[in-house]
Amino acid sequence: MSRLQRLWPVLRPALAGLVTASGQAPLALWPVALLGFALLFHDHLTAPSPRRAARMGWLFGTGYFAGALFWIVEPFLVDLARDGWMAPFALVFMAGGLALFWGGALWLAKALAPRGLAAVLVLCGALTLAEALRGWIFTGFPWAEIGHALIGAPQLALASYIGAHGLTLLLLLPAALLGLALARPSAGRAVLPGSVAALLLAAPLALALMLPPRALPAAPEAPLLRLVQPNAAQRLKWAPEFVPIFFRRLLDYTAAERPDGRRPDLVIWPETSVPYLLNEGKSLTDILARAAAGSPLVVGIQRREAGSYYNSLALLDAEGSLAQTYDKHHLVPFGEYVPLGDQLAKLGISALASQQGYGYRPGPGARLLDLPGIGMALPLICYEAIFPRDIRAAPARPELLLQITNDAWFGQLAGPYQHLAQARLRAVESGLPMVRVANTGVSALISADGTLLDSLPLGKAGYLDVALPPPSAPTPYSRFGDIPALLGALLLLFAALPRLVQRRLGPLQ
């Protein structure tokens, strides 16, 4: 018991962060996340120094990211004998590394404004800016952001105006005032911040409920899309005895007849679903075209060019000819390439270089595909859909977002559902329907307001025919991006200005 008492100052914030992570999918308990961050603000107020605040914030963040991102161990369990020993290290370093952003935010906020209302307002701004920073630095990893807890809440509709960072502020501001109320020693002094917190929580909720729906239903003549999900477990996906089984499954689902005799206007396969290189030649495209039976076909496939490999999406037209390709440009560090690998090759260390065939080379950037009879689509491969900036980088506004992915790497518990939740957020931000085709699930059609219209569940083989809904009008977020939310976060830092002026000039006489 005495040992537990000594460890409790360390365990308490870490456990609080772990519970707060239940706001992320699949649990999506956003009220629990709200209370968890309120506790973080309370502890920040009572921390005696910036160093102690940073330590407490790092512990809270480590528990949070360990709880939200525990699925990060799954890729190391695919080949357990070879890679399993790295799994705990991956989780520890990922959780602890991302928590450094929160620890830095708490240190800065405590240094700028150590107490009172200014302290919690400054921390709201600092945490929001820290979340924005981790979405950019080292190519970014904006997964399990604070605002993602509201994807399952009515406030999601407001993302069409303020994006993910705006949702972060919507969650943190009432949590900050609740934390301030908890830190007040007398009930009377806690009434005002508690009441304002309730108002800040209720007002966006009411506004979101009053907003008119952005999404329109699919028209009777809407394009018919077939989403094909082979359910190839990652440990079996490339096994020689299973490759023909999964490939035949894809072909059979593509060729399946509808009761009304209508062929889909487009058939879509998931990421790296074709077990051969695109360069295999016409014999491969003939097999694919025969199964598609006159329907254009989008496939995830690898291709090789000039000694380098690309993670690609290929569009075959109704005759089976290669019409367009897109190469994934936002690659996963250490998963799809090794940072500085090509530069190391110039020094003679070629085993990490993409041009030597170790990992992928990135494509040139965002581009649109012209889908026959459907319109312009923005292709997204796997985790490119977690970056709103990649969507806003499109050369023009498309009619739909088209994501192909292989979430078999993420396991069966949280990762695939969090990836799906972020796809819903991207649809709301852009006002565009999202067509999502995943190897093991969840394949889905998402409307422009984030509604999950239809889906194939995780771990099920099959196909889904869906009518494509139209896009909505361009959203404010699609025009202004994160600028309003980040300006709001910066303005909150100005709450520390009176104290800084006083520290500089001394008390006014």
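1. Let me begin with the largest pocket. By class, its lining holds 30 nonpolar, 11 polar and eight charged residues; here Ala, Val, Leu, Ile, Met, Phe, Trp, Tyr, Cys and Pro count as nonpolar, Asp, Glu, Lys and Arg as charged, and the others, Gly among them, as polar. Its volume is about 1900 Å³. Of the 49 lining residues, Val332, Pro333, Phe334, Gly335 and Glu336 are the closest to the centre. A pocket is an open set of points on a 1 Å grid over the protein atoms alone, with protein on both sides within 12 Å along at least five of seven lines, and lining residues have an atom within 4 Å of a point. A volume is the space filled by probe spheres set on the points, which are joined across faces, edges and corners.

2. A word on the ground rules. This is a predicted model, in which local features need pLDDT of at least 70 and side-chain atom pairs count only at pLDDT 80 or more, while totals for chains, interfaces and linings use all residues. Residues are numbered from 1 along each chain as its sequence is written, and side-chain values use heavy atoms, with hydrogens and water left out.

3. Helix H6 deserves a look, as it gives the most to the lining of the largest pocket, with seven residues. Helices (H or I, at least four residues) and strands (E, at least two) are DSSP runs, numbered from the N terminus. H6 has 26 residues and reaches 38 Å from its first C-alpha to its last, close to the 38 Å expected, that is, 1.5 Å times one less than its number of residues. At Leu100, H6 bends by about 25° (the angle between axes fitted to the seven residues ending there and the seven starting there).

4. Next, the open sheet: six strands run in the order E5-E4-E3-E2-E1-E12, with mixed pairing. E5 (322–327) and E12 (462–467) each have a single partner strand, so one side of each lacks a neighbour in the sheet. Strands pair if DSSP finds at least two bridges between them; E1 and E12 are joined in the antiparallel sense over six bridges, and Leu227 has Leu464 in E12 as its bridge partner.

How values were computed. 1 Å grid on protein atoms, 1.4 Å probe; cavity = no way out; pocket = protein on both sides within 12 Å on 5 of 7 lines; lining within 4 Å.
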